[in-house]
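Me: I would like to go through this model term by term, setting each value against the definition behind it.

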Amino acid sequence: MRRLIAVVALIMLLSACTSQGKTGEVTLVSPPDGSVIYSSVVTVAGEAQGINSGGLIVTVTDADGTILTRQTLAVREGGFEVELVHPYAGPPVEARVSITAADAPDDPPYTVASVILASIEHRPEGTYIDVAVPQPGDEVGGDEIGIQGRVSGLRGERTFSVVLVGSDGAEIDRAVVTLPPAYFADELPWQAALAPGSATGSVLVQIVSAAGDVLVTIPVTLSGAAG
């Protein structure tokens, strides 16, 4: 009887040693929350630190939890990037990209991104960089001005600048936006922050391409810096 108890205790100890759950951290770079994936491929990229020896499982599911595509990555440390082909073709639907530990698939995901899947015929034509915030005529202020928008179709270096221009035409501040890995047709959210300093009055928020072309101009009014 004692021997049986000892064997059971040993089995429980070994089970505890081999079922430690997930370890480490994962930062998801792509796709960002709110992306619209028009291509038949979801590009998933990020950074891993201290992951279990089994690596990571990347899964794309629809709104009902049905698995559309899944892949295991043998990564424990450093950056990773993988392209997952998905079968969905149709109008925009909600989907979820999750990353879990291969050694602990029942543990909560390291990270989750909510995206939209849609076939290419539902994509607006051309290249566009839209600004959602601020809108023309808005009054803005504070130590930093938050700029948000969406972009699709940008090729080449996949970067652009957001520039704050004073009423005299002088540049007040500039931020460079670098898009995460994705197919050029996909629509990605972006954001930037500009510091107005002591400037007040009428100014322009401009979107400038990597080649220096002004693509979008938003006139706003600076109410002054905070605090």
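Reply: Contact here means heavy atoms within 4.5 Å. Among contacts in the protein between residues at least 6 apart in sequence, 64% join residues at least 24 apart. This is a predicted model, in which local features need pLDDT of at least 70 and side-chain atom pairs count only at pLDDT 80 or more, while totals for chains, interfaces and linings use all residues. Residues are numbered from 1 along each chain as its sequence is written, and side-chain values use heavy atoms, with hydrogens and water left out.

Me: Why is L215 called partly exposed?
Reply: Buried means under 20% relative accessible area and exposed over 50%, with partly exposed in between (1.4 Å probe, protein chains only). L215 has a relative accessible area of 45%, and is therefore partly exposed. By that definition, buried residues make up 42% of the 227 residues in the protein.

Me: Which residues does L215 touch, not counting residues up to four places away in sequence?
Reply: With those neighbours left out, L215 touches I129, I207 and S209. L215 itself is found in strand β16, residues 214-222, where strands are DSSP runs of E with at least two residues, numbered from the N terminus.

Me: What makes β11 and β14 a pair?
Reply: Two strands pair if DSSP finds at least two bridges between them, and β11 (residues 145-152) pairs with β14 in the antiparallel sense over seven bridges. Within this pairing, G146 stands opposite A193 in β14.

Me: Why do β9 and β14 stand at the edges of their sheet?
Reply: The open, antiparallel sheet has the order β9-β11-β14. β9 (128-133) and β14 (188-194) each have a single partner strand, so one side of each is left without a neighbour in the sheet.

Methods. Helix = DSSP H or I, 4+ residues; strand = E, 2+ residues; numbered from the N terminus.
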